[in-house]
Amino acid sequence: SNTGIGFRALEENTTSSNNTAVGYNALASDTQGKRSTALGTNALLTQNFSSSTNVYNVALGHDAGRALTTGTENIIVGAFAGDALTNSDRNTVVGHQALTGETLGQFNTAMGYFALGAQNNSTATDVYNVAVGEQAGTIEEVYEPFLIMGGYIMRTPRGRQATDLAFKHLGKIKPNDQKGLF
């Protein structure tokens, strides 16, 4: 059996079962999916399976998982969290606008306000990303290219390193390279 509370909650339901939808438009489009929970206005609004499938999606928050259609086993918590995901599986998203803009990525973990919010990829190759913290992912996507172009940092096999120009700009003395340490 299903539980639907709110205007249009589980409105298109035909043969789905074991779903809980609370809020305006919560799980409104799902006809046959099973075992999902949607709490909040438009939570899992477009989820819709054409066969009886164990879905196990959980979305809590306004517009959480709003565009998700056939993805499974997603945990989405927060207003606008994962709101662009469509056919995505096994994402864990917690935070206001976390993983917003991502459409097809899978196996991502985004925790915090706008964590992985700028992913904005539409290919299924965006998988296995982890970001924790406020606007996590922004440093690599916004600041790092500026710092590299300006000559302040460089990518090396050992990770990112500050350049001589960066130390000069900061008024600091560059420590020894320690190349002979090992």
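Is I76 buried or exposed? Select I76 in the viewer: its relative accessibility is 0%, so I76 counts as buried (buried means under 20% relative accessible area, exposed over 50%, partly exposed in between, with a 1.4 Å probe and protein chains only). The model is predicted, so local features need pLDDT of at least 70 and side-chain atom pairs pLDDT 80 or more, while totals for chains, interfaces and linings use all residues. Residues are numbered from 1 along each chain as its sequence is written, and side-chain values use heavy atoms, without hydrogens and water.

Stay with I76, which sits in strand 5, residues 75–77 (strands are DSSP runs of E with at least two residues, helices runs of H or I with at least four, numbered from the N terminus). Show its contacts beyond four places in sequence: among them are V58, L60, L85 and V93 (contact means heavy atoms within 4.5 Å).

Next, zoom out. The protein has 2 helices and 10 strands, and 36% of its 182 residues count as buried.

Now look for aromatic pairs, of which the structure holds 3 (rings of Phe, Tyr and Trp, the last by its six-membered ring, with centres within 6.5 Å; planes under 30 degrees apart are stacked, over 60 edge-to-face, the rest tilted). Select F7 and Y24: the ring centres are 5.8 Å apart and the planes at 10 degrees, so this pair is stacked. F7 and Y24 are 17 residues apart. F7 is exposed at 60%, and Y24 is partly exposed at 38%.

Finally, select F107 and Y128, also stacked, with centres 5.0 Å apart and planes at 10 degrees. F107 is partly exposed at 29%; Y128 is exposed at 60%.
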